[in-house]
Amino acid sequence: MTANGEPVANSDESSLNTLPLPDIRTSPMPNGNGSHKSSTVIESQPKRRVSIIADAPMIGGASGGAAGYDNLAYEQNPRRKISQTSTHSHTEIGPARRRSILKEPSLHTNDNESDRGSTHSYENYRQSALDVLNAKYQGHQHQPPQSQDGANYVEDSWIYTFCLKCRGEEPSESWEPSFWQKVFPYPLCPTFRTFSRLIVLILIGLLLWIVAFVIIGDTAAPGGQLFSLVVLTVAANFGGYIISLTTLPRLIGMLLVGILFQNVGWVDLDGDFSKVTGHLRKFALTIILTRAGLEMEPEAFKKVYKTILKLGIVPWIVEAAVMTVMSHYLLDLPWMWGCLLGSIIAAISPAVVVPCLFRLRTKGYGVVKGIPTLVVAVAGVDDALSVAIFGIVSTIMFSDKGLGYQIAQAPVCILGGLAFGVIWGSIARIFPEKGDAYVVPLRTLMLFAGNLVAIYGSEELGFEGLGPLGVVFSSFVSNLFWCKDGWEVDDNPVSTAFEIFWMIFEPILFGLTGATIKINELDSHTVSIGAACIFAGVIIRIFITAGIAVGDRLNTKEKFFVGLSWMAKATVQAALGPVALKNLGSDASAEERKWAEIVQTVCVFSIVLTAPLGAILISITGTRMLKKTKQPQILTGWRRSHRPSIRDISIIDEEEEREDPETPRDKETDDNTQSNAHLTNLSYTASK
């Protein structure tokens, strides 16, 4: 460049000397962390100061100075994020380019200078804490140790990687005291925001316990049944979090914690308190069925409703029939008790299936043929069918009314459930008015209250199968109308509210279910034969599903994957497994109690055996049996807020999935590229 900063064209570029070139001045100002801040002023336009934090220039590269840092089009850090759709983490491909201060400037203009912290210096602060930790690790205080490839020992350790995977992304920058990173370096320790949130939850729980103790009395005191239930719920939630770090379903950890508490003697929820646990199960069942209805995409259901009904009903009937017959001949259950057990075991668990398929869909597997959407829709139909048939069979078994009443159970429950769904779903569309400022909480409470009335009311009327069908169908009809009014299935605030309800009731439900198992009272014959019946029904169902999926545009691998994805049992089994034993009166015979205990034991072990195995098989076989699309996925029909504890830790090694999806070519970019094709040899040089 010349002394005044004018660009000088090379001899090879003599044909371009007549082009008017803007006056560009670039002043490199390296900061203390090796990053580079460049200030660029363009003379041919109104002067605006643009500050962009980029990575340090690559000195001594193969391309040299002119082709490297001095060339404004040169990619200084090839390891940065290469697209907005990239899902790579910061640690895998290097830091992403930071946005300009011109982006949403209103966020910065009125900030108090003392409150506005530099994100870059904040990262320096965190890095300095890690450097000190590295130095202490090696016994040096001046120069942090470096491994052979130039990385810090701590950052290369498995525990650093594990802790980094466990940390979720914060929506905004977190404030923390000046000493926090020195004492608790990130990511080896949680952020101050996470710590403060935990403190708040502990304080809220403590204050509520004090109020409950004053009002209720001894049952809320340590050693009381209510206090034991609260402790069980908190411990089950923690156990679920530990298990979720392996990408297995949280409910496995919750169930195991319940089994542990029962057999160590830390919890006793029998006696009069069993009425409370029974009502909690009904609340949890209502939430499960409501979410099943809200997760069905109306447009997809209308397009392929024949396939959904075929794959949802026929395999269910086969698996329930297999369990009924095998339990009758191998476990000595009467036919009605076998039907009751079969109606529970044949249900699919959305709590296991949905998160696994969500991960596969975000990676592009099976999206072209809509396999994830199909599987989730069938799971909702399957659960509604299981709970409805269970209600009908249970009413017939425990009712002393006449034959006509028992024959009327099926048609009344089916027609009544559908009628309630249409009526209550239509009411939920009109009331409250869609423009109401409180439309979300009002719709949520109205749908929840109506569905609770359906569950309890159908039981009081003696048609127990009517309520579950009404809950699923009213949720589906409400969602259909709300989508017509402008809401989206994947961004439905009522669905988010019910997900929060489920986060509260999930540890309660599975903790209570695990607490029903007493290992010292288990019969080895019941456990082994029950496991054989479970796997026999699952295997036969897989082959039946693959056999009847003719004409559904699925190849052989995809048909078997669909069957495999429906093997996991959890939610319905946990909610309905202990119900038969609770329904027995004080005058029940010892033989009836034995049958009810067999049903409960088989249901619990179906969760333990199939939930983790189903999650693992979906993750492993999905990448091998489904076709992958390279296009970035917009999750239509899928809610965004799936468990934040389900991290990107994969139980299998999928190296090929770490590449960015191929983004479609942008027309405007192509036009600009063609119009600037004659400028390809133009380059700028900058003085140092």
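Student: Where is Asp332 placed?
Tutor: Asp332 sits in the loop between helix H13 (305–330) and helix H14 (335–345), where helices are DSSP runs of H or I with at least four residues, strands are runs of E with at least two, and both are numbered from the N terminus. This is a predicted model, in which local features need pLDDT of at least 70, side-chain atom pairs count only at pLDDT 80 or more, and totals for chains, interfaces and linings use all residues. Residues are numbered from 1 along each chain as its sequence is written, and side-chain values use heavy atoms, with hydrogens and water left out.

Student: Is Asp332 buried or exposed?
Tutor: Asp332 counts as exposed because its relative accessibility is 58%; buried means under 20% relative accessible area, exposed over 50%, and partly exposed in between, using a 1.4 Å probe and protein chains only.

Student: What is phi of Asp332 near?
Tutor: Phi of Asp332 is near 60°, which is a positive value in a residue other than glycine. Most residues other than glycine have a negative phi, and most peptide bonds are trans.

Student: Which residues does a cis peptide bond join, then?
Tutor: The cis peptide bond joins Phe431 and Pro432, with omega at about 0°, and Pro432 is found in the loop between helix H18 (409–430) and helix H19 (439–461).

Student: New topic: how many disulfides are there?
Tutor: The count comes to 0 disulfides, a disulfide being a pair of cysteine sulfur atoms within 2.5 Å. As for cysteines, Cys339 counts as partly exposed because its relative accessibility is 31%, and Cys483 counts as partly exposed because its value is 23%.
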